[in-house]
Every structure is written in C-alpha cells, then in structure tokens.
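Here is a short briefing on one protein model. Look at the structure first, then follow the points by topic.

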Amino acid sequence: MQTRVLLSIKPLFAERIFDGSKRYEFRRVLFRSRAVTAVIVYASSPVRRVIGEFTIGGILTLEKQALWEKTKSHAGIERQYFDRYFRGRDTAFAIKVLRPQRYPSPVSLEEAFDFDRPPQSFRYLI
C-alpha cells in the first residue's frame, strides 16, 4: 500500500523545491515506513499552507560529510546551514525530490485534511 507523508518545510526551501534548485530535502529524523512514496509539502510560517507535492526518488542515509559531498550540487542550501542543521548528528538523511508539482492554489490544512495542526517534522497520510 502506497503512503504519503506531510512534511513541514520552511517556505524558502519549499520554493526552491518547486523552482528545481533544491533536489534533496534534508532530515534529521526520518519516517520509518518504506511504503512512503510521496511527500505533501506544507510551507511553514508565515505561509502556513499546503503548496504542492513530490515523488520520493530514494532516500540517502549517510555520514554527514558523505551526504554533503553527494548532494551539494543540488542541495538548495548553503554548507553552513547544512552543518548547523545536522550539528550533533553522525548520520544524516536526504530525500531525493522527483517530479515536484506546485498546486495551483495553496490550501490550509483544514481544507486539505481533517486536522489543523502542522506536523513538527512529518505526519503519515493514507
């Protein structure tokens, strides 16, 4: 059974996903289910809207330095931000973004789903 997740992503990084300059979404904590095939993008504050989705093209689980070397040309973030984000972690995760699709009109969580609280990191959707 295919599953989707809702990810909270900072608006700047969400925009980079949809303009094609960010082809990896970095995470300190990753969902455990391998049935997840798609990500619904919730742009966090101040946007606070569901703005699009993308297909998962694979997940990289690597030591931080190795992950940066593999993804840096399409990371969509600066090395300094990457290092700060993963400070204190040995292992880092990157979700490969495939076929990003921006919705014609952003929608609130209430309009899109039966809840109104954004996930801290992610939330499974059926």
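Helix H2 spans residues 64–71, and its Leu67, Trp68 and Thr71 are buried. Buried means under 20% relative accessible area, exposed means over 50%, and partly exposed lies in between (1.4 Å probe, protein chains only). The arc is taken from the directions from the helix axis to the C-beta atoms.

This is a predicted model: local features need pLDDT of at least 70, side-chain atom pairs count only at pLDDT 80 or more, and totals for chains, interfaces and linings use all residues. Residues are numbered from 1 along each chain as its sequence is written, and side-chain values use heavy atoms, with hydrogens and water left out.

**Around helix H2**

- Helices (H or I, at least four residues) and strands (E, at least two) are DSSP runs, numbered from the N terminus.
- The cover over the buried residues of H2 includes strand E2 (24–27), strand E4 (49–63), helix H3 (79–85) and strand E5 (91–107).
- Contact here means heavy atoms within 4.5 Å.
- H2 lies across E2, E4 and E5, and runs at about 120° to E4.
- Such angles run from 0 to 180 degrees between N-to-C directions, with axes fitted as lines to C-alpha atoms, for helices over the stretch in contact.
- Glutamate 63 caps the N-terminal end of H2, with a side-chain oxygen 3.0 Å from the backbone nitrogen of glutamine 65.
- A polar contact is a pair of N or O atoms within 3.5 Å; within protein, one must be able to donate a hydrogen and the other to accept it, and residues adjacent in sequence count only if both atoms are side-chain atoms.

**Helix H1**

- Pro11, Phe13, Ala14, Ile17 and Phe18 are buried in H1.
- They cover an arc of only 165° around the axis, which puts them on the same side of H1.
- These residues pack against strand E1 (3–9), E2, strand E3 (36–43), E4, H3 and E5.

- Six strands form an open sheet in the order E2-E5-E4-E3-E1-E6, with mixed pairing.
- E2 and strand E6 (122–125) stand at the edges, each with a single partner strand, so one side of each has no neighbour in the sheet.
- On average, neighbouring strands of this sheet are turned by 35° against each other, direction ignored.
- Two strands pair if DSSP finds at least two bridges between them.
- E1 and E6 run antiparallel and are joined by four bridges.
- Leucine 6 stands opposite arginine 123 in E6.

**Salt bridges**

- The structure holds five salt bridges.
- A salt bridge is a side-chain nitrogen of Lys or Arg within 4 Å of a carboxyl oxygen of Asp or Glu.
- Arginine 102 and glutamate 15 meet in one of them (2.9 Å, N to O).
- This pair links distant parts of the chain, 87 residues apart: arginine 102 is in strand E5, glutamate 15 in helix H1.
- Arginine 102 is partly exposed at 43% relative accessibility, and glutamate 15 is partly exposed at 36%.
- Glutamate 25 and lysine 22 also form a salt bridge (3.2 Å, N to O).
- Glutamate 25 is buried at 6% relative accessibility, and lysine 22 is buried at 2%.
- Lys22, Glu25 and Arg27 are linked in a network of salt bridges.
- Arginine 79 bridges to aspartate 83, with the closest N and O atoms 2.9 Å apart.
- Both lie in helix H3, four residues apart, about one turn of the helix.
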